[in-house]
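Good morning, colleagues. Please turn to the model on the screen; I shall go from the overall fold to one helix and then to one residue.

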Amino acid sequence: MLSALIWLPILSAALLGFWPGTITPKAARQLSLIVASAVFVWSLVLASQFNPGNASQQFSEYIPWIKSLGLTYYLGVDGLSLPLLVLNGLLTCIAIYSTDKSIQRPRFYYALLLVLNASVAGAFLAQDLLLFFLFYEVELIPLYLLIAIWGGKRRGYAATKFLIYTAISGILILAAFFGLVLLSGASTFAYEPLRNYTLPLTTQFLLLGALLVGFGIKIPLVPFHTWLPDAHVEASTPISVLLAGILLKLGTYGLLRFGLGLFPEAWQILAPSLAIWAVVSVLYGSFNAIAQTDMKKMVAYSSVGHMGFILLAAAAATPLSLLASVFQMVSHGLISGLLFLLVGVVYKKTGTRDIDILRGLLNPERGLPVVGSLMVLGVMASAGLPGMVGFISEFLVFRGSFAVFPTQTLLCMVGTGLTSVYFLLLVNRVFFGRLSPEVENLPQVQWSDRAPAIILAALIVMLGLQPNWMVRWSETTTTTMMLNSQELTANSQPF
């Protein structure tokens with residue numbers, strides 16, 4: 001059941017890329033959208049059959065692969081990975097649907113999107129450390145090409161910078177995985193057996209440090225964040241939706257699964273430092289967002305700040321904060337996806353993203369009133385206003401973390417206030433006031449352009465009003481993660 005989420009898009013991508021006959025751009029788009037929709041629906045089927053009360057891996061698949069390396073094809077899904085799988089399927093459908101129909105080299109483009117979808121799903125499903133690393137590295141290739149070929153004027157620079165940063169991230173993660181297996185004397189890279197090995201504390205610090213930097217680059221956390229604004233600015237709108245909405249979550253997922261899961265004792269000791277790191281990322285990202293005049297760059301820096309909330313919750317490692325970290329991943333994916341979609345529509349219709357040029361886009365006659373209304377909803381959700389998913393996720397983060405790190409939590413709450421500041425500046429300058437002469441007589445926005453944003457906006461409100469629709473998937477898993485970490489820490493004895 002799980003392999004279908006990986007191999008259906010890969011085989012479809014191969015069909016698109018290597019089919020000897022002619023495939024029209026319209027047919028390539030339709031085929032990729034059908035495949036992505038089928039994968040999304042299949043993830044919903046898995047969710048409907050998922051047992052929320054069972055914290056162990058479900059629908060597991062195990063096939064020995066390369067015995068000499070201890071590498072196995074071992075897949076499984078639990079409450080930590082299931083919401084991210086569903087989010088991956090949804091955002092891939094939206095990215096394909098939102099792609100400009102006149103895009104160049106459509107067969108190659110849509111094939112890369114399907115490979116990207118499959119590799120991300122494989123990383124979330126992998127229960128073998130080497131298998132996770134393989135999928136983690138595979139997603140680098142299509143994303144690099146999607147930025148380098150279909151990006152903006154400085155796409156070469158942005159794609160190369162992304163490639164270098166992510167390559168360093170992969171090297172550190174692989175070194176930590178090999179170090180864990182070699183130093184523990186394990187004969188396999190399977191995740192569950194490795195959790196039972198206890199290494200000396202100094203060794204744990206070294207291996208966990210490599211994972212923190214490796215996944216910190218991917219998240220990204222300050223000071224490893226500089227590749228993200230450049231990548232977002234140069235990437236096309238659908239790629240920005242995927243990059244912010246799901247690909248950054250590989251970093252936070254990796255920290256929870258492999259950092260906290262494999263090194264709970266070292267994690268507990270480093271937790272105060274991780275909370276401080278979270279504060280730095282939240283405040284630095286927020287202050288940088290205030291200084292931006294490019295709408296897309298402002299949203300990119302807001303992602304740096306909001307991903308810091310997840311690190312704070314993970315550092316606290318209480319049952320509520322771990323649940324909040326998962327909810328914040330999904331919340332940020334929906335909200336950032338909505339904001340990047342809307343910025344893309346504004347840029348498509350006006351030809352600029354400059355806050356100093358745009359004015360009055362809420363004008364009901366000559367502006368973009370529906371887009372402006374959705375943007376107001378999106379920034380309200382990002383700022384954590386009640387009734388939307390952003391409020392629930394941030395409230396859970398702060399409530400779950402305050403008992404452990406009160407000062408750091410209060411400082412991160414300042415970041416929420418700063419979110420209101422920079423997004424209020426954006427909305428006030430771009431959408432209110434008199435329509436600026438530079439963008440008068442705008443082309444009409446079709447409902448096909450609005451539909452993806454409306455879907456995300458509806459989900460943001462629905463999960464804000466009824467968060468238990470998602471929380472119930474993850475609550476048992478995150479509580480068990482915390483209890484297992486405490487048990488391993490209490491019983492730890494160097495081997």
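The protein has 20 helices and two strands, where helices (H or I, at least four residues) and strands (E, at least two) are DSSP runs numbered from the N terminus. This is a predicted model, in which local features need pLDDT of at least 70 and side-chain atom pairs count only at pLDDT 80 or more, while totals for chains, interfaces and linings use all residues. Residues are numbered from 1 along each chain as its sequence is written, and side-chain values use heavy atoms, leaving out hydrogens and water.

For 495 residues, a compact globule would have a radius of gyration near 23 Å, and the 22 Å of the protein agrees with that; the radius is taken over C-alpha atoms, and the globule rule is 2.2 Å times the number of residues to the power 0.38. Along the principal axes, the C-alpha atoms fill a box of roughly 70 × 60 × 40 Å.

Of the 495 residues, 60% are buried, meaning under 20% relative accessible area with a 1.4 Å probe, protein chains only.

Leaving aside neighbours within four places in sequence, Ser-240 is in contact with His-232, Ala-235, Gly-245, Lys-296 and Phe-340, contact being heavy atoms within 4.5 Å.

Conventions:
Buried < 20%, exposed > 50% of the residue type's maximum accessible area, 1.4 Å probe, protein only.
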